[in-house]
Every structure is written in C-alpha cells, then in structure tokens.
Amino acid sequence: MVTKKELANGVTLTVLPTTQFKTTRIVLNFIAPLAAATITQRSLLASLLETNSQDYPTQADLAAKLSALYGANFGISVSKRGNVHVFSVVMTVVNDKFLPGATTVLTEGLAFLKQVLWRPNVTASRFDAATFNREKTNMQAYLASVYDNKQAYASLQLQELYFKNSTAQRVPSFGNEADLQAITASSLYTYYQQMLAQDQVAITVLGDVDAEQVTALLTDLPLTARTADTTDLFYQQPAISSVVEKTDIQPTNQAKLNLAYQVPTYYYQPNYYALLMANGIFGGSPMSLLFTNVRERASLAYYASSSYDAFRGLITVQTGIDAANVAQVKQIIATQLATLQAGEFSNELLAQTKATLKNQYITGLDSAGYLTSQELVQQLVPASAVATEEFIAQLTAVTKEQIVAAAQTIKLQAVYFLSSQEAGK
Amino acid sequence: METTHYATLDETLYQQTLANGLQVTMLPKAGYHKTYAVMTTNYGSIDNYFVPAGGSDYTTVPAGIAHFLEHKMFEKKAGDIFEVFSRNGASANAFTSFTRTSYLFSATDNIKTNLDTLLDFVQDPYFTEASVNKEKGIIGQEIEMYEDDPNWRLFFGIIENLYPKHPVHEDIAGTIDSIAKITPEQLYQAYHTFYQPSNMNLFVVGNIDPVETLAWIEANQADKEFAPATPIQRQFPEEASDGSDIIPYRMTQLPVKRGKSIVGIKGLAPVSRDRAGLKYRTELNLLFDMLFGDSSQNYLQLYDQGIVDDSFGYELDLARTYHFATLSGDTEKPQQFSDAIISLLEKASDNPDLNANRLALVKKEALGRMLQSMNALEYIANTYSGDDFGDASLFDLVNIIDEITLTDIQSVLKQFVRSAALSVFHIEPLAGDDAK
C-alpha cells in the first residue's frame, strides 16, 4: 500500500512498496522556482556534493563507501519542469535480501545520504577551496564542450531563440558559463543553506521495504518546515505572429534543422490526450508523418521527430540533414503539419499511434526511475495522478475531430538552422 | 526444455534448441508488464570476407553491408514492418555491432502476434533495386551524424591504430562510398549465408509463461521450410601476434572546443569462447576497476592534478576474433593524459591499488551491479544474446566473480597489459579555431 506522509510543512515522503525490483530506489527532490540566478549554482552544487564531504574527504573515500554498499548508485541530477527547477538526489541500493550474509545496505545508504547532504566539505562557511576550484574548472570545461555535441547544441540554440521573454528558460538546466564566473565558495554555501531551508522537498522510496522503518529513518533528516511554493508550474508566453529564424554556420558534416511550435495545452489539462495524439501522429512515434515523409519517402534524414514539452506548452521538431536540402525539408515539415491539421491522415495511423502511446505508458511501469519521477510529477500536478486504466480509457476515447482541433492550435514560432560547411575529413 | 535456476539471482532460465537450429532462451519476470524479445544473428560488420551459402569460393563485400541489411529487413512488399508492430502496440528496433545483428520488440500486449511478426520478418528477406537505393540517403545521413560525433571519431581512431588490417577498424555503417556499391543481390547473398536459424538465437524476457511461449515459437517455425544448415566460413586478415603492426600514435584536428585522448590496449592472444573466456573478461574488468575505478588512489590523483575529469572512462570490448581495452577522456592536454595513463599501466604490477582489500571491494561492487542489472530486461537480453562464451553467460557471473583471486588479477595484468600492445590517439581542436 502506498504511504504518503508530510514530514514537515513542505516536506513530503511517499513510500511505494513493490517486489518487482531487486533494488530500492530513494529520491530526494529539492524543488525551487526556476530562476536564472540560481540554475548554475544548483548545477555546481550537484557536482560538489557528489565529489566529497566531511565524512568522505576524498572522492576515493566516497566511492569506496558506495562500493562497500554493494555498488550502490548515488548521483545528483538537475532538471527543469516548466517554471520549477528540480535538484534530484538519487540512490539505488540492492535489497538486502539478495545479498550474502547479514547486510544493512538500505539503512547505511540512508545514513550516507544524510552525511553527504548535511555534512558537506565546508569550513568557515565556505566549500573546501581545492574541491570548489576543481569542480568549477571542470564545469566550465563541460559547458564549453556542449558545442561539440551538435544535436544538444542545436536544441539549446532553439531554446535561446524561442524563450524570448524568459531569461530563466533560456539558461540550460545545467547552467551557463557567464553565471558560473560569479560563484564563489562562500556564496555557493550561502545559497546551499537557503536551498536546504526553503526548497520544497519531495522524497520517494520505491522497493520492497517496510514503510514504517523507512519513515523512521527519514524522519531523522534535518528538514524543517518551509513555506509553500505558489509558483504556477506551467510556463506560458504570448504567441508571436512572425516566425523568428536564425542560421549559424559551423564546420560539420551534417546540418541540423530544429523548429519550435507553441501549443496552449498543458500536462493533464483540457485537451491533453488529444494533443498527445496530435504530437504522436506528427513526429512523436515510429510511423509518424515526419518519419514517414522526411526519412522513408524522401530519404533526406536519418532522424526526424517531434517532442512535446507539456510543462512549457512547446513542441519541438529535430532533424539532421544535408544543408543543401534545407528548403525541401522545411517544406515537407510544413506540409505534414498542414496534413495533420486538415485531418488527412489514415485511421490506421491513428490506431497505431494510440497503441504505441498505450504501450509506452505501460512500459514505463517497469522502470523504477520512471515510477519515482511520475510520483514527483503527480505531486506537482495532482490532475496527473490517474490510474493506468483511466489513462488508457481517456486515450482510447480521443476522436479524430479532437486530434484535428488540437493540431490546429500548433503554431510555428522559431526555426534554428545549424548549417554546415564541409569539415576536414 | 532445459531449466537452470540461479539461486543468488533468484532467476530461472529456460532453453531449447529447435529442430532447425534456432536457439531459444526465456526468462520469466514476475511483476513486469512488458515482454522484450530480441532475435540475433551471429553476423556483424566485421564479416566481410566469407564463402556464400551454396558456394565454394571466398568473396569480399562492401563495408557496412550487415548494417544495411538490418535497415532493409524492415521493408517488405506489403509495407513497413514498423507499421505491423505499431498496430499491435509494440515498439520495434534493431542494431548492428561488430559481430552481431539484432532485431527486437517490446510490448505489453499481443505477445504471440508480435513474436510471430518478429520471426516472420527476420525470416523473410525482400530487397529491390529501388528500395536499396532509397536507403542510401538515409544511411548516408546516419554516417554523417556519427562523423560529427567526436567521441565516435576518437573510438575509431584508436581501433584503426590497434587493428590496421582487421575490419573491426571500419565504421559499422560503412562509408558513403562503400554503401554506394551495395546491391540487392549482395544483400540476399549475405542473408542466406548468415541468417540460417542455426546461426541465430532468440531471447524472450518478461511477463511470459515459458512453456506457452516456446509452443508459439515452435509452431511458427514448424510452418516454415528452411534450407539445410551449411557451415559458415569466414576469414580475417592475420595481425601480428607480437603487436608489431600496431600504429603507436596518431592524432587528428577537429573543429571541437575540447581535446580528447584515448589509450588503447590490444589483446594479443585469442580468447576462448567458453566459461574460461568469460572469466578472463571478468578478471580484466575487475583489474581496471581496481586500477582506475572511482575508488582508486590513481583516479583520485589524476583527478586532483586536473589530468582527468568526470568525462574519464574505460571499457573493454571483447567479441569474436578481437579484444581491446580503452581509457579515454576530454582534456586540454591530450599528451599529458596519455603519458599519465601509460605510465600507470606500465608500472601497474607494483601499484598500491592492486591489493587484496581493493579486490574484495570491487568484487562487492561487481556483485551489486550484477544484481541491479537484473531489473533491466533489455540489458539482460542484449547482453545474453551478444555474448559468445558457449554454455556460460552473464548468469554465471556471480560464481565467477566469487572465484577470482588477486593472483588471477596479477596474472591477467601480465598477460594483457604489454607495452607492445599499447597505442594512443588524440583529438585536438583545430589550430586557430575559436568558434564561439
């Protein structure tokens, strides 16, 4: 039985008992309003806290502890969900019942989390200088190297172009170089104290565990009451009437064409299922219009797909093509959207897309990572807490007319083209 | 049907080789919603020189043909197989490696229908001039995409150094020029040679009843006629057993922001395709964990000196006819990186990280990771059908890890890490490239 408990104001614990997995997954989500000023700090914090702590003064000490806990996985990731930023501390341990001898890996794993988060490598209210400088340098190098991953680079450039009204949405979830420069070992520690005290905290434990024992262990964490966050999760910006376009030229073999479309439909809000279907038919499924027409019929790309960000009302299209074909590819993409909006797609494609989305949803239930992230999202958007049967029923009920109506709300806003000039082969 | 229970993992494997030679393996997973099935032929990008089924002379085919064949298997006279899978709620895919080609689906419903689709489409080739030519544009873009990936370039850079003759140094997808030469006839020839049921295996994992599932598969196969199995004959260029033909160093300049360095070690002695081979691979993995893992003093020192960062990694690639290890990372100073790694490798036998306590620690970690991997159906199926150790498989790793001693580690170090087997490849940013 699922147990939900408020450990303090703004601090929740959910225990999801299951025997499906051989592991227990523990996630501590720290949730804050998305702000340009804090994204980079949170990203650097994730690196620092993963590196060492007072109890594990070197990386080798920290890694050795995880090895001793039978290869426990520990990591911190940062992500955006609409107007919030989520700092997720994740630990996965093997269930003690599968390990040789009498082990207490879960108890020790939770104690480890408490140590690394609440006894960081700090003296005199500053992060350890050597650790801080090293991680800052490494992060700077990492941020610079995003340029070397052309798919990621093009997708970030498109965001830059589309989110005209929001600095925070333009900053990548993992931060940027300009903000990094300003961070010091003491300013970061000050921010960390604020994060621990003020962020909303959502803890989830998934596995074959005793809910009472887990609750007792987690109640021990020094998480005090905090004021509720009233941020509206869904990001909205006014639509523009003329499409923004930008082209960059770089020495690559393949050019990237990425497009951004606005939609007025949000996660589990009215018309959500219809828009999910519209995106699936457009470019979000294996037999989609984009895949069939850009790749299979015209032979112009290896990948051509769309994805739907239901927290920001955004659909993006991504393709990798020959620069010389850009006009033709743009034309085909525009035609596919028009086809979708005119309802000129087969019932067969509609049925395939429904079956695909249903399969995707149910398949997610086999992933511990998906289940814990779904739990977080359900807390953020209570309307999304639907049973599997309900999801399938709603999806099945979507009509062609509803899909067409949803498709007609898709508006092109921005086009980013990373053109290529032949690289030295 | 043969049944093996693995007590520590709490898993039971069911196996049967069918009359036509197809090897079927099943792993029921209670509590899971999906079923994942992967059908694999023991044929990959390196198999470019072979005797065609029914023939008597060796033939050479263009690089990239196994991967091309994989793409074209999905297109039939009646249409696209993705459509058939989609209709039945399955998500399908395929991949080609140096030594294997695999076709797979994952579904939560209509498992019998989807299994029939998988078996039927893999066992029914259909290639035409027009469809083959059309695919050249698509695969051409796939090749261009990988060309732009500096990590891919780094990896192939070191393989080209280590294997100047063996076709493992060729890109799995081939080149724009090599795929231009591919014809439907060549695809049929490769198909009939390597897609014989006796050269293939099928792994099904998930929410299944193995008896029922096997009955479905047997019924499907009983309905078809197969040509009698013919022995597969393939050859590979001979490489110097003392490593003397390895290119010790090359570098290239690319339009990247950060440089990269990779150190490769070529396995000079062949590895047996049995439990001893799997043990050898496991010993090498533990050796590298001890020397370069997160918990090693070596890694800590390299990290603190700024020689490596989180992009550092090492891996072992071991398959039919070749094996090599690589250690790589992003760096502003590729030369410093490779010098430091080679210096550690050459003096490894005296390295303080090679001690009994650390072996116990990395063994604990390896056991835990093995147990964690039992959650991942795709990982289990792909690893099982990709490995080539006779009766031994990843399910034997619990016992193998347990058996390994410090003496084993010392001896595998001596056998594998030899100065003559080392090579280095660097990627440096183009001089004067100050791209924003």
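This is a predicted model: local features need pLDDT of at least 70, side-chain atom pairs count only at pLDDT 80 or more; totals for chains, interfaces and linings use all residues.
Local features need pLDDT of at least 70, side-chain atom pairs count only at pLDDT 80 or more, and totals for chains, interfaces and linings use all residues. Residues run from 1 along each chain as its sequence is written, chains are lettered from A and ligands numbered from 1 in the order written, and side-chain values use heavy atoms, without hydrogens and water.

**Entry 1, β11(B).** I looked up the cover on this strand, residues 200-206. Strands (E, at least two residues) and helices (H or I, at least four) are DSSP runs, numbered from the N terminus. Seven of its seven residues are buried (under 20% relative accessible area, 1.4 Å probe, protein chains only). Met200(B), Leu202(B), Val204(B) and Gly206(B) point one way. Asn201(B), Phe203(B) and Val205(B) point the other way. In a regular strand, side chains alternate between the two faces of the sheet.

**Entry 2, neighbours of β11(B).** I count strands as paired if DSSP finds at least two bridges between them. β3(B), residues 23-28, pairs with β11(B) in the parallel sense over six bridges. β4(B), residues 35-41, pairs with β11(B) in the antiparallel sense over seven bridges. Which residue of β11(B) is the bridge partner of Thr25(B)? I found Phe203(B). Phe203(B) is also the bridge partner of Val38(B).

β1(B), residues 2-6, and β2(B), residues 11-17, pair antiparallel over five bridges. His5(B) has Thr12(B) as its bridge partner.

UniProt, in an unreviewed entry, lists residues 59-175 of chain B as "domain: Peptidase M16 N-terminal". Such annotations may be inferred rather than shown by experiment. I get 50% helix and 16% strand over residues 59-175. The end C-alpha atoms are 19 Å apart.

Notes: Buried means under 20% relative accessible area, exposed over 50%, partly exposed in between (1.4 Å probe, protein chains only).
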